[in-house]
Amino acid sequence: MLNKVLITTLFLLINCFSLLAQNKDDAERPKEIPDEVVVDSIIEIKNPINPLSPAKAAFYSAILPGLGQAYNKKYWKIPLVYAALGTGIYFYTTNNKEYNRYRDAYKSRLAGFTNDEFYFDANGNQLSTPRVTDDGLRRAQKLFRRNKEISLLVTVGLYALNIIDANVDAHLLQYNVDENLSLVPHYKINEMDATGNLGLTLNFKF
């Protein structure tokens, strides 16, 4: 009986010394400053989500190209928007002008005239035979009309792309990139059979 009491007393003394040593280590260890301060169990969100922001950005870009990019504060995209639209408009205008040249000459010949611009050389002297035949005028009209239509479609597509870009940018600006939420792929070697395991880890800290 005396041995049991002695053993129990020694066990309790050892546990007490262990607890005292642990408390001393905890007291000497510097306290970490928490990343977030919770007040009344409510975490303040610095940038609240605005569900109407993407619609506003798209609307502004529809009214004036580049205005949606300015709304999203992506100012470097504004010159790109106007350069793309300006290029499309330039090619449309050029092809339309050439199409009208050949169409007017063809109409003049159909009316029986021989005084269109293709009946004259570079010095202004009238030629007996035109530099471009009637068949050539028809082919040129077809070519420039097709190029004009393609230029118009490309310009309209660039205008729509400007609207889509502003809308998507506004969505991405509100995308949750908090460090507390992460999706990380990982690769691990199985030590039992020396095979590799590929996985995906979702971490959510709160």
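Which residues make up the largest nonpolar core?

1. This is a predicted model. Its largest nonpolar core has 9 residues: Tyr99, Tyr102, Ala105, Tyr106, Phe118, Val132, Leu137, Ala140 and Phe144. Helix 4 (77–110) and helix 5 (134–173) are the elements that give two or more residues to this core. Helix 4 supplies the largest share, 4 residues.

2. Tyr102 is a core member. Neighbours within four places in sequence aside, Tyr102 contacts Phe118, Val132, Leu137, Ala140, Gln141 and Phe144. Among these, Leu137, Ala140, Gln141 and Phe144 are listed as buried residues of helix 5.

3. The buried residues of helix 4 include Val81, Leu85, Tyr99, Tyr102, Ala105 and Tyr106. Lys77, Asn95, Glu98, Ser108 and Arg109 are also buried there. Their cover includes helix 3 and helix 5. Just after helix 4, Gly112 adopts a positive phi of about 95°.

4. Helix 5 has 40 residues. From first C-alpha to last, helix 5 reaches 58 Å, close to the 58 Å expected at 1.5 Å a residue.

5. Buried positions in helix 5 include Gly136, Leu137, Ala140 and Phe144. Lys148, Ser151, Thr155, Asn162 and Asp169 are buried in helix 5 as well. The cover over the buried residues of helix 5 includes helix 2 (53–63), helix 3 (67–71) and helix 4.

How values were computed: Residues are numbered from 1 along each chain as its sequence is written. This is a predicted model: local features need pLDDT of at least 70, side-chain atom pairs count only at pLDDT 80 or more; totals for chains, interfaces and linings use all residues. Side-chain values use heavy atoms; hydrogens and water are left out. A nonpolar core is a set of buried Ala, Val, Leu, Ile, Met, Phe, Trp, Tyr and Cys residues joined through side-chain atoms within 4.5 Å. Buried means under 20% relative accessible area, exposed over 50%, partly exposed in between (1.4 Å probe, protein chains only). Contact means heavy atoms within 4.5 Å. The expected span of a helix is 1.5 Å times one less than its number of residues.
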